[in-house]
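Here are my notes for a colleague who is meeting this structure for the first time.

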Amino acid sequence: MQQSRAETGTPIPAPAPAAAPAGEPAPTGATEIFQLRGLTCRYGGFTAVRDISLDIQRNEITAIIGPSGCGKSTLLRCLNRMNDLVEGTRVTGEVIYNGEDIYAPHIDPVEVRRRIGMVFQEPNPFPKSIYDNVAFGPKLEGHRSDLDDIVESSLRQAALWDEVKGKLKQSALSLSGGQQQRLCIARALAVEPDVILMDEPASALDPIATLRIEDLMEELKRSYSIVIVTHNMQQAARISDKTAFVTVRVENETDERTGELVEFDDTTRIFTAAADQRTEDYVTGRFG
Amino acid sequence: MSSYPGSPGGARGVPPADAGGPGGPRPLGRARTRPGEQAVLWLLWLCATISIVTTIGIVAVLVFESIPFFANVDVAAFVTGTEWYPFAEPGTEAFSTGVLPLVKGTLVVTAIALAVAVPLGLAAAVYLSEYAPSKVRQAVKPALEVLAGVPTVVLGYFALTFMTPLLRSLLGAETVQIFNAASAGIVMGFMIVPIVASLSEDALNAVPQALRQGAYALGATKRVAILRVVVPAALSGIVAAVILAMGRALGETMIVTIAAGNLPTMTLDIFAQGQPMTGFIAQTVAGESPRGSVVYQSLFAVGAVLFAMTFLANSVAQWVVRRFRQVY
Ligand SMILES: Nc1ncnc2c1ncn2[C@@H]1O[C@H](COP(=O)(O)OP(=O)(O)OP(=O)(O)O)[C@@H](O)[C@H]1O
Ligand SMILES: [Mg+2]
């Protein structure tokens, strides 16, 4: 069924937003998958990112760029509540996903993570067979008889099927790093998420494997919305539709280093006609 | 090429980096003997050798001392016999040397101990590694290890004076004998809980955080992440912990000597007496059996069987750890 969805190219129908409680503004449009409103994330007493507001569009690739330590990963993990797993994290502000604030008290974070998948910086396949890695998520949702089909179509979507179809029962750890990363993408796709968050998915890969993953993302954005963190300017320029530039603001008195959104715009504008001098310095490599 | 690049007048004709300096680069020093280092090396070698020689010596004593026993006793009768009474005059009706009752005693007590220790130890390990706040873990783990330090003679009397009366009041004095395998096994289980818990906790802790995150990112609950990802990934370490604990239980002597009785039987009734191998050895060594008597010789034969069993358990543990080690 995933395949047919990819073939017809129709966007995933937005799950009907649960009746918004009275007083809450109605979702502004069907094209936004995420609306961040004043998002602030603290680790203990330390504010990692402050007051981020931006809209992420459906079926687009949105890149987050910025210097190391500015809070890109933190921001990304806020989008599927992975930060809940870090002791002492506090998130304020709103992350409105399909019209619902995922930080609202009645929301189940497990359900959020099922809809909003994530691929990590380092490939992290489970020490199980290739098949079991991909089947892990669908099994949680109770799929039994159609597992073979799901595994095959997910591996095909991740452009890995031809390389592994003869050895599905082998350990995932026998794969190369690039194959492992594509396996992790297949694993994320197998639960049919709505959004895929990628945290520097190609940082451990060689240029060829990187290009394969980029091609793959081009394919995937027809059916999914993708948010990617990257250190690689060319990569952001090549693949993304929109780019967010985040940087660190150092508070002079307290020496607190907080991530702030500088600019968020079409990728072409960010890279050719940035409105903010700091953005231009960063994308042209003049960043201090 | 005999000269090193960078040595004065480098053979490659490349002038040394600081050519023109008065003496050129400083030459490499000559090889020097360092007597202190040699001595340490020998000392370490000696220590390693002593421990190996000791082990070989123990095995040799067991084997050589049991040879005279098998001059008097048929090996097949020893291995397959179901009655053990070497105290009688050899050749008489009562004299019997089947080791199986003792082996059964050992296996029953060990099985009971594992039945207690594996669930308790694993649950403790999962709690400590996955659920406990770090403060609790830091407090509980050493406390758990104190339990491993309780002298076994104390545990033996705990079995006899607390566990046995408890079982008798729960199940009836007619079911539970005063000396029985169950209370010895249960208390021995408590004794090995720290081994299972501590080593399993180490194994769980060694599972990379990235695997847990991978599971959560697929919509797994904490329970699912632990059961389907973390525990399987740590399985080889957990199995090794259990087998190590089993080896400890096989060899444990004091608790069974005090609480399990001294009647070797073939019964599978865990509330009846059932003397294990270690119990027999302790009892017989403490009694007076003249050197050279069959009973005295039988000690070494039983010791050899016990050694073989613990050796097997440890070998299996090694093999399991190697075979199923997950490289994350
Ligand atoms: N679990 C945590 N606990 C405390 N502080 C954290 C934690 N994770 C990140 N931080 C801090 O938050 C800030 C932002 O970290 P983050 O990992 O989001 O940066 P990043 O932009 O992804 O950096 P990089 O490009 O190097 O991956 C850093 O100062 C970091 O030290
Ligand atoms: Mg990061």
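Predicted model: local features only at pLDDT ≥ 70, side-chain atom pairs only at ≥ 80, totals over all residues.

1. Which residues of α8(B) are buried? They are V224(B), A225(B), I226(B), V229(B), V230(B) and A233(B).

2. Turning to the domains, chain B is divided into domain 1, covering 38-85, and domain 2, covering 99-324. The C-alpha centres of these two domains of chain B lie 25 Å apart, and 16 residues of domain 1 are in contact with 19 residues of domain 2.

3. How much area do domain 1 and domain 2 of chain B bury between them? The figure is about 1500 Å², with 76% of it on carbon and sulfur atoms. Of the area that domain 1 of chain B buries against domain 2, L62(B), F78(B) and W84(B) supply 43%, more than any other three residues.

4. Between these two domains of chain B the rule finds zero salt bridges, while three residue pairs, both members at pLDDT 80 or more, are in polar contact. On the side of domain 1 of chain B that touches domain 2, the elements giving two or more residues are α1 (35-72) and α2 (75-80) of chain B, and α1(B) gives the most, with nine residues.

5. Between the chains, 20 residues of chain A are in contact with 19 residues of chain B, and the buried area is about 1700 Å², of which carbon and sulfur atoms give 69%. In chain A, the residues that lose the most area to chain B are P127(A), F136(A) and L140(A), which together make up 28% of what that side buries.

6. The count of salt bridges between chain A and chain B is zero, whereas three residue pairs, both members at pLDDT 80 or more, are in polar contact across this interface. The elements that give two or more residues to the side of chain A touching chain B are α3 (109-115), β6 (116-119), α4 and α7 (177-189) of chain A.

Methods. Residues numbered from 1 in each chain as written. Chains lettered and ligands numbered in written order. Heavy atoms only, no water. Buried < 20%, exposed > 50% of the residue type's maximum accessible area, 1.4 Å probe, protein only. Helix = DSSP H or I, 4+ residues; strand = E, 2+ residues; numbered from the N terminus. Domains from an automatic or database assignment. Contact = heavy atoms within 4.5 Å. Buried area = accessible area lost by both parts, 1.4 Å probe. Salt bridge = Lys/Arg side-chain N within 4 Å of Asp/Glu carboxyl O. Polar contact = N/O pair within 3.5 Å; in protein donor to acceptor, adjacent residues only side chain to side chain.
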